[in-house]
Amino acid sequence: MLTTSVAAIGTAALAAQSTPKAAAQSPAVATAAIVTARRFRGWVSRGNGPGRTTMQEMKLRPISGRQVVVRTEATNLCYSNAGIVLGIGPVTGPVVPGTLGRVLSDMAVIQGHGGVGVVEAVGPEVRRVRVGDRVCVSGTPQCGSCYQCLRGRADVCQFLSRIGADDLIPIADLSDGTPVFENSHIGGLAELMVAFEEWVVPVFTKAAAVELGMVCSCVAVAGLGASTSGTLATIRPGSVVAVVGCGPLGLSAVQGARIAGASRIVAIEPIRERRELALKVGATHALDPNAEGDKLVERVRAISLASGPGDRYWAGGRDNGGRRSGSGADFVIEAGGAATVTPKLEAGPDPTGILPMQQAYQMCATGGDVITTSLVRANITLPAGLFSIGGVSHHGGQAGGTNPMRDIPRFVEMMEKGQFNTKALATRTVPLDQMMGAYEEVLYRTTVTAIMTV
Ligand SMILES: [Zn+2]
Ligand SMILES: [Zn+2]
């Protein structure tokens, strides 16, 4: 049952207390009626252990200010969210200091990393999207006004740091009155998403929901961002690129490297099926880190020497000797990550994800760039001389440097023009009701990733 009212007043605690305010730059656009009392279903996580996520019906709270209600069409089931949804491993993220004393695992939270859908309602201050627009609810916000956005680093928009337990605001209520929040202000694992407009990017396309959900997913955006956004570093045509870890993020980076014109693309991945997929979507070489062992870095260096002037350094080649090898990849994208559980397909050489990160740095040629994107929870050790004067530039790749409003529509166009293959990544699609089983497949890596349609 839908009922409507005028805009509710003053419930956006986020705008009031927790997040830098986005100053209005033009008069508020007249809004369509705000949907209230809308009932919807979604997966709500609360407590600890398996069984913490259950399907619930809830009632949407009135929206206000810069909030946008999006009817979900599709969302990616992200590996980094799988343990939290399934109740395996730690369910509370890093502790964010606050004053409300909330514990994230005790709160009823719709998990997810955003998704794609259609705008159902907008608050009175929303300018970026209109009712009926198709949108990506992005894992990375872009306010356009903060210090980072103004200096060209929308990929680290400061709104992103305000997603802790104290920052979240309820968007709905369960039938017993329990307030329901959304992970990172976006959620995704429900029939509706309610996001502030800073997290919403309009995408003008008629693409199928599954394909759009894949290309707009946090992982595809990060992989394409690292390889084609140019925010952190730029892949030059004809260069040698290595991608360490070929899950959906790495496979997106492989495709981005192809789109950017790399001549040799080395995919490094323990799972055979994923190496084969990498070769299908653009890699020129595929290496198994288990088979290569401690020779992996040398193998990448050898590939960099295998054509052109090779090691003929007086002829423009790379000096493979001396104290610091000039061979290696010009551009390395690290997308390995830590394993929450032992995968049912081939496990990598280090479940913590640290070794692949070290190898990524070491296989980079002098003068090259390394972008790291994976979520690992330990300290990395590198030879200090290499780190200090080895001539390797490291870039921490939150969202791969993606500037959401500039780059996500570009990624959608790459998909529409056939440059970016979504079908190779979305190897499992499920409806809302079958989400939990698909998350298990993601967690145990028996599918590259999974798209849930609503
Ligand atoms: Zn994600
Ligand atoms: Zn910002």
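Which residues does T178 touch, not counting residues up to four places away in sequence? The legends below refer to a predicted model, and the first of them answers this.

Figure 1. Not counting residues up to four places away in sequence, T178 touches R46, A108, A172 and D173. The side chain of T178 also makes a polar contact with the side chain of D176, at 2.7 Å. With a relative accessibility of 12%, T178 counts as buried, because the cut-off for buried is under 20% relative accessible area.

Figure 2. C78 belongs to the loop between β5 (67–76) and α2 (79–86), while C218 belongs to helix α5 (residues 218–228), so the pair ties together parts that are 140 residues apart in sequence. The two cysteines can also be described by accessibility: C78 counts as buried at 4% relative accessibility, and C218 is partly exposed, with a relative accessible area of 23%.

**Figure 3. Helix α5 and the elements packed against its buried residues.** Helix α5 is mostly covered, with 10 of its 11 residues buried. The buried residues include V219, V221, L224 and T228. Packing against the buried residues of α5 are β5, α4, α6, β16, β17 (364–372) and α12. After the helix comes G230, which has a positive phi, near 75 degrees.

**Figure 4. The largest nonpolar core, with 51 residues.** In soluble globular proteins, nonpolar side chains tend to be buried together. In this model, the residues with the most contacts inside the largest core are L212, V215, C216, L251, V254, I408 and F420. Elements giving two or more residues to this core include α4 (209–215), α6 (248–260), β14 (264–268) and α12 (404–416). Helix α5 gives the most, with 6 residues. Apart from this core lies another core of 32 residues, and F40, M58, L189 and V194 are among them.

Figure 5. I408 is one of the residues with the most contacts inside the largest nonpolar core. Leaving out residues up to four places away in sequence, I408 touches C136, S138, V201, V203, C216, V221, T402 and N403. V412 is found in helix α12 and is buried, with a relative accessible area of 4%. With residues up to four places away in sequence again left out, V412 touches V203, T205, L212, V215 and C216. The C-alpha atoms of V412 and V221 are separated by 9.9 Å, although these residues are 191 places apart along the chain.

**Figure 6. Tilted aromatic pairs F159 with W199 and Y313 with W314.** The structure holds 3 aromatic pairs, and this view concerns two of them. A pair of aromatic rings is described by the distance of the centres and the angle of the planes. For F159 and W199, the ring centres are 6.0 Å apart and the planes are at 50 degrees, so the pair is tilted. F159 lies in the loop between α3 (147–150) and β9 (172–174), and W199 in the loop between β11 (192–196) and β12 (200–202), which places the partners 40 residues apart. Both F159 and W199 are buried. For Y313 and W314, the centres are 5.6 Å apart and the planes at 40 degrees, so this pair is tilted. Y313 is partly exposed, with a relative accessible area of 45%, whereas W314 is exposed, with a relative accessible area of 80%.

**Figure 7. Charged side-chain ends over the rings of Y444 and Y79.** The charged end of K344 sits over the ring of Y444, at 4.6 Å from the ring centre. Over the ring of Y79 sits the charged end of R445, at 4.3 Å from the centre of that ring.

**Figure 8. A121 in strand β7 (residues 115–122).** A121 is buried, with a relative accessible area of 0%. Between the C-alpha atoms of A121 and T352 the separation is 43 Å, and the two residues are 231 places apart along the chain.

Definitions and conventions: Residues numbered from 1 in each chain as written. Chains lettered and ligands numbered in written order. Predicted model: local features only at pLDDT ≥ 70, side-chain atom pairs only at ≥ 80, totals over all residues. Heavy atoms only, no water. Helix = DSSP H or I, 4+ residues; strand = E, 2+ residues; numbered from the N terminus. Buried < 20%, exposed > 50% of the residue type's maximum accessible area, 1.4 Å probe, protein only. Core = buried A, V, L, I, M, F, W, Y, C linked by side-chain atoms within 4.5 Å. Contact = heavy atoms within 4.5 Å. Phe/Tyr/Trp six-rings, centres within 6.5 Å; stacked < 30°, edge-to-face > 60°. Lys NZ or Arg CZ within 6 Å of the ring centre and 35° of its normal. Polar contact = N/O pair within 3.5 Å; in protein donor to acceptor, adjacent residues only side chain to side chain.
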